[in-house]
Amino acid sequence: SSSDLNSDRAALLSFRSAVGGRTYLWNTNSTSPCSWAGVQCENNRVTVIRLPASALSGTLPVNTFSNLSRLRTLSLRLNRLSGLLPADLSQCVELRNVYLQGNFFTGGVSSSLSGLNNLVRLNLANNKLSGEIPSVFNSLTRLRTLLLERNQFSGSLPELKFANLEQFNVSFNKLNGFIPRSLMAMPASAFIGNSLCGKPLNVCPGNKTQPAIATAGVEIGNTNSRKKKLSGGAISGIVIGSFAGVFILLSILFVLGRMRSDDKTSSRDVETVKQPETEVFGVEKPENGGGNNGNSVAVAETAAALSSGDENWGENGAKRKLVFFGDYYKAFDLDDLLRASAEVLGKGTFGTAYKAVLEIGTIVVVKRLKDVAMSERECKEKIEEVGAMNHGNLVPLRAYYFSSEEKLLVFDYMPMGSLSALLHGSKGAGRTPLNWEIRSSIALGVARGIEYLHSQGPDFSHGNIKSSNVLLTKSYEARVSDFGLANLVGPPSSPTRVVGYRAPEVTDPRRVSQKADVYSFGVLLLELLTGKAPSHALLNEEGVDLPRWVQSVVREEWPSEVFDIELLRYQTAEEEMVQLLQLAIDCTVQYPDSRPSMADISKQIEDIRRSTSHDKHEHSNLANATE
Ligand SMILES: Nc1ncnc2c1ncn2[C@@H]1O[C@H](COP(=O)(O)OP(=O)(O)OP(=O)(O)O)[C@@H](O)[C@H]1O
């Protein structure tokens, strides 16, 4: 009835006057709030309030939510809201999705949440909420997402029994004690940053599943657990054990230190170095080569093949030389390359990649192609084609070497390594998260690089777009690598590696198309936005790929759940992220013909970046004006 809608409208107006922000856009002359930005109605009742990153601040008003009795989704994430969660939220019994992460809410949660038995997704991460995690959650039987990380919850974790829980995180709170049985299947990352113990974290001292007593008499169980006194024997055992432990640790550090000082190069930029090692690229022959492992012999064999005269003569009898492209002519010669110290960067679809440090100090990457499946003439033509590609977002091919035994490609070395390593490598200490500005400029750079490849003709495509083929310069500019190689070699030895990026219509990985590149680019865009690798074990276990996972979340409700947690701090970029997410979804649609072209995509990304930087400017002006 209209009186219900009027009471919804009155509630929204009191909400607006309490928290301000972008709600100034609401045209309060309009009698129906259903057309207001971020408000949706069904059957003339307000069902959705979605004002993420809308500069809302202050405290949510009391006696407002009780009037919005049909509310199903409340998304106020990434604002500056503070104070207690309103208790009358518990009267919105139809609420299914509550996204309040990234605010400054304080106090406990139980009174606001009790009775919300229809809740499916609850995200309260990154607030200042405190108190115990209440067992009221146990009555929320439909809950599938419960994210409470980065708050100040304390006490022990209650035994939470959810039948449908898919996402759970209480990391970085002040919780202590053991992890209850019902939550043991969750990943360790869901619990870190607390004083919790037990599976999946370290075993609790004493008892694995019961509140336990930690070493040195620190109580880590719930408050009911009793302290135990340690006997004299136990104490001396601990002391002796600790000394032995310290001694062993020091010995290991000493040995590691010695090993390190023997190393001539560092492997810090490298993502998939399975056997970090240094060797002279091409000088030593197998019989007197230093290393006994497979890689060093392989490199020494290459050296032998390259430097022994006979094999260096081609079909036409001319001595084999490095063939250079463009400005790199005569920058160094084959001998320099053979004398360079080299390190295995990784084995890819087309062969092994080495980082080679030349005596003159230049660093290059040498790719040793395997399984080249075509004639010399054809192969050289293809390589020359790759060398002729000239675009700021492609890794330039500088030179190549061709003989019947060896096919080497020499590329510029990209010091920041691959996007894949930066996004997914060694999370945690010491790793700088990629900020949003860098991520969106990488998206644009990659799009421009692929657009350039596609502009060479309808048959030109990359065929293997993925984050390990996006390399970064010192200033984090994106360069696409491995282009033009797909047709050069036989079928990939490990086709599963590209599965997460492969368009559904591609059954033979060698049959590439521009629209399949667009699909792979869409997956890469999703990877930048979600921080999830397309081959992520969790996604695969459920038999769901990244595009389908994102689509299912977005279809169900607004995409708050999909963004990488490391991006939550970039509130002003929210619009840009959502628009890029939409673009990624367009790129990964099932039917190739419905996907946009790479030229369209670059243009769209440019527009999105331009409009949001304009928005940011306006927004900060407005904020200054209203403050
Ligand atoms: N020019 C380069 N600069 C720095 N690192 C590079 C360069 N080229 C390749 N790498 C790194 O070397 C490793 C092996 O690369 P390679 O291209 O051979 O295989 P891949 O990208 O892992 O797989 P695929 O061959 O299927 O694309 C990867 O970690 C890649 O990031």
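## Basis of the model

This is a predicted model, in which local features need pLDDT of at least 70, side-chain atom pairs count only at pLDDT 80 or more, and totals for chains, interfaces and linings use all residues. Residues are numbered from 1 along each chain as its sequence is written.

## Nonpolar cores

A nonpolar core is a set of buried Ala, Val, Leu, Ile, Met, Phe, Trp, Tyr and Cys residues joined through C-beta atoms within 7 Å, where buried requires 20 or more other C-beta atoms within 10 Å of a residue's own. The largest has 79 residues, and Y400, V410, V446, F521, L525 and L529 have the most contacts inside it. Helix α9 (residues 514-530) gives the most to this core, with 10 residues. A second, separate core of 53 residues includes L89, C92, L119 and F178.

## Parallel sheet

An open sheet with parallel pairing is formed by 7 strands in the order β3-β5-β7-β9-β11-β13-β14; strands pair if DSSP finds at least two bridges between them. Because β3 (57-59) and β14 (195-197) stand at the edges with a single partner strand each, one side of each lacks a neighbour in the sheet.

Strands β7 (residues 104-107) and β9 (residues 128-132) pair over 2 bridges, and G107 stands opposite L129 in β9.

Key
Buried ≥ 20, exposed ≤ 12 C-beta atoms within 10 Å, placed from the backbone. Helix = DSSP H or I, 4+ residues; strand = E, 2+ residues; numbered from the N terminus.
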